[in-house]
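Good morning, and thank you for making time on the agenda.

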2 protein chains.
Amino acid sequence: MTQPDIAPNKPPKRKRLSSEARRQDFINQAIEFFAEEGFESSTRGLAKKLGVTQPLLYRYFPSKNNLISEVYDAVYVKRWQPEWEPLLRDRSRPLADRLNTFYKVYTDAIFNREWMRIFLFSGLKGVDINRRYMQLVRQRILEPILIEARVEFGLPDVPPKHCEVEFVWVTHGGIFYYGVRDLIYESAISTDKDRVIADAITALMAGLEIKLNGPKQT
Amino acid sequence: MTQPDIAPNKPPKRKRLSSEARRQDFINQAIEFFAEEGFESSTRGLAKKLGVTQPLLYRYFPSKNNLISEVYDAVYVKRWQPEWEPLLRDRSRPLADRLNTFYKVYTDAIFNREWMRIFLFSGLKGVDINRRYMQLVRQRILEPILIEARVEFGLPDVPPKHCEVEFVWVTHGGIFYYGVRDLIYESAISTDKDRVIADAITALMAGLEIKLNGPKQT
DNA sequence: AATTTAATTTGTCATTCGATAAATAAGCAA
DNA sequence: TTGCTTATTTATCGAATGACAAATTAAATT
C-alpha cells in the first residue's frame with residue numbers, strides 16, 4: 001500500500017491545467033452529474049463529484065444557471081454533426097440505405113444516458129434551446145427526408161405538408177423513444193439497435209409510399 | 001361586491017368535506033402542481049396552491065414522498081382502462097379499425113399535460129411504478145396487437161418475438177412522442193391527432209405484414 | 001348553549017441551498 | 001530563495017426546505 005514516491009520527473013502532485021481546460025473539465029463532469037441527478041441537484045453535490053469545494057465553482061461560473069447553460073451548449077450544440085444532412089441528401093444511394101446509415105450514426109451520437117437525460121430534463125424545464133433543437137431536427141432531418149422521398153418516388157417537387165412532416169416525426173420519435181426505453185427506463189427487450197432501426201425504416205418507406213401517393217390530402 | 005348572504009339552507013361558508021374527499025382533492029391538485037413544477041418543488045408551494053398552510057399537508061400525508069406515491073397511483077393506476085385490451089382483441093372488426101379506435105381512446109386518456117409530465121418526471125426518477133407501467137403496455141397492448149396481426153394475416157399462433165415487440169413499440173412510442181411534442185415541447189405542427197394516428201397505423205400495418213411474413217427472423 | 005371532536009394555523013427546528021468575502025495554499029517568475 | 005499571481009479552501013450569510021408540536025379555530029353533537 002506504500003505509494004512509489006520515486007518518480008522524479010512526474011511528481012504525483014496535481015498537474016495544473018489551463019484555466020479554460022479546467023473549466024471544460026468541470027463542464028464535462030457537470031454533464032454527467034446533472035444528467036444523473038437532475039438540474040435541481042445541489043452545487044455541493046457536484047463539487048463533491050469534482051473533488052473540490054463548492055465555492056470554487058463560482059470562480060469558473062458566475063452562477064448555477066450559467067453553468068447549466070454551458071451544459072446545454074455542450075450537449076445540444078456541440079454534438080450535432082453538420083454532415084448528417086448531406087448524408088441524407090446523397091442521391092447516389094437509395095433512400096432506404098441513406099436512412100439506415102443516418103439513423104445508425106445519429107443514434108450513435110445521441111443514444112447515451114447523459115445526452116438523453118439532459119434532453120428530457122431540459123425539455124421538461126421548457127428551455128428555449130430545446131425548442132430550437134426540435135426545429136433543427138425538422139429542418140435538417142425530417143423535411144430533407146420528405147424531399148428525398150418525393151424524388152425517390154418520382155413525384156413533383158412540392159414543399160412537405162404538415163401532416164407529412166408529422167408522419168416522419170412519428171418514426172423519428174419512435175426510434176428516439178426506443179433509446180429512452182433502452183437507456184433510461186431500461187425496459188427495452190431487444191438491444192439490437194440496427195435491427196430496430198432497419199425495421200422502422202422499412203415501415204417508414206412503405207408508409208411514405210402510400211402517404212405521398214395518396215389522393216386526398218389536406 | 002356584497003356577498004349575497006341570504007341563502008339560508010346553503011351558507012357561503014366553507015363546506016366541510018369528508019376527510020377522504022379532502023384528501024383526494026389535495027391529491028388531484030398535487031398532480032397539477034408536481035406535473036408543472038416537478039417533484040423537487042416545495043410542499044410550501046403546493047400548500048399555497050391549495051390555499052392552506054404547509055403543515056396541514058402532514059395531517060393528510062405522513063411525508064412528502066408518501067404524497068408523491070399517491071400522485072403516482074392516481075395517475076398510473078387509476079387512469080388505466082381495462083377495456084382497452086378486449087377492444088384490441090375484438091375479432092369482429094378489422095385490426096386496423098381496432099387500432100384506430102384504441103389509439104383514439106388511449107391518447108384521449110394520456111394526452112394531457114399532467115399525465116405526460118408526471119410520466120416523464122417519474123421515468124427520470126426511475127421509480128418502480130414506471131417500469132411496471134411499461135410492462136403493462138407490453139403485455140396488454142403490444143403483444144395483443146402482434147397476436148391479432150398474426151391472426152389477421154392467417155399466420156400460425158406463435159408467441160411474439162422480441163424484435164416484433166420492439167417494432168410495435170416504435171410505432172407506439174412514436175405516437176406517444178407526438179403527444180410529448182404537442183403538449184410539452186409545444187412543437188407539434190399538426191394538431192390533427194386522429195390523422196397522425198391513422199397514418200401511423202397505416203405504416204404499422206404495412207410494416208407488420210412485411211415483418212411477420214419475412215423469412216429470416218431471429 | 002355547552003361540549004366534544006376534528007381541521008387548521010402559528011411557531012419553530014435542524015438542514016440544505018446558492019452565493020459571497022476573506023484567508024490560505026500552490027504554482028510561477030525573478 | 002523572494003515576491004507575485006492564481007487556485008482553492010474556510011467561514012459564513014440569508015433564504016428555503018421537510019417536518020413536528022402546540023395553540024387556535026371551526027364544525028358537529030349533545
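Of the atoms of DNA strand C within 4 Å of the protein, what percentage belong to sugar or phosphate? In this predicted model, the figure is 58%, and the rest belong to bases.

As to secondary structure, two or more residues of the surface near DNA strand C come from each of helix 2 (43-50) of chain A, helix 1 (19-37) of chain B and helix 3 (57-60) of chain B. Sorted by class, this surface has 8 charged, 7 polar and 6 nonpolar residues.

DNA strand D is surrounded by 21 residues, of which A:Arg59, A:Tyr60, B:Arg44, B:Tyr58 and B:Lys64 are the closest. Sugar or phosphate accounts for 59% of the atoms of DNA strand D within 4 Å of the protein, and bases for the rest. A:Thr53 has a side-chain N or O atom 2.8 Å from a phosphate oxygen of DNA strand D. The surface near DNA strand D draws at least two residues from each of helix 1 (19-37) of chain A, helix 3 (57-60) of chain A and helix 2 (43-50) of chain B. Its classes are 6 nonpolar, 7 polar and 8 charged residues.

Next, the protein interface. How much area is buried between chain B and chain A? The value is about 4000 Å², with carbon and sulfur atoms giving 66% of it. On the chain B side, B:Leu124, B:Tyr185 and B:Ile189 lose the most area to chain A, and together they make up 19% of what that side buries. Each chain is represented in the contact by a count of residues: 46 from chain B and 46 from chain A.

The polar part of this interface also deserves a word. Between the two chains the count is 6 salt bridges. One pairs B:Lys211 with A:Asp199, where the closest N and O atoms are 2.7 Å apart. There are 13 residue pairs in polar contact across the interface of chain B and chain A, both residues being at pLDDT 80 or more. On the side of chain B that touches chain A, at least two residues come from each of helix 7 (113-125), helix 8 (128-152), helix 9 and helix 10 of chain B. Helix 9 of chain B gives the most, with 15 residues. By class, that side of chain B has 23 nonpolar, 12 polar and 11 charged residues.

I close with individual residues, starting inside chain A. Is A:Glu148 buried or exposed? A:Glu148 counts as buried, because its relative accessibility is 1%, below the cut-off of 20%. This residue belongs to helix 8 (residues 128-152) of chain A. Its side chain makes polar contacts with the side chain of A:Arg98 at 2.7 Å and with the side chain of A:Arg91 at 2.9 Å. Beyond its neighbours within four places in sequence, A:Glu148 is in contact with residues including A:Leu88, A:Arg89 and A:Leu95.

Finally, a point of backbone geometry. Most residues other than glycine have a negative phi. A:Glu186, however, has a positive phi, near 50°, and phi of B:Glu186 is also near 50°. A:Glu186 sits in the loop between helix 9 (162-183) and helix 10 (193-213) of chain A, and B:Glu186 in the loop between helix 9 (162-183) and helix 10 (193-213) of chain B. A:Glu186 is exposed, at 51% relative accessible area, and B:Glu186 is exposed at 51%.

Key
Residues numbered from 1 in each chain as written. Chains lettered and ligands numbered in written order. Predicted model: local features only at pLDDT ≥ 70, side-chain atom pairs only at ≥ 80, totals over all residues. Heavy atoms only, no water. Near = heavy atom within 4 Å. Helix = DSSP H or I, 4+ residues; strand = E, 2+ residues; numbered from the N terminus. Nonpolar A, V, L, I, M, F, W, Y, C, P; charged D, E, K, R; others polar. Buried < 20%, exposed > 50% of the residue type's maximum accessible area, 1.4 Å probe, protein only. Contact = heavy atoms within 4.5 Å. Buried area = accessible area lost by both parts, 1.4 Å probe. Salt bridge = Lys/Arg side-chain N within 4 Å of Asp/Glu carboxyl O. Polar contact = N/O pair within 3.5 Å; in protein donor to acceptor, adjacent residues only side chain to side chain.
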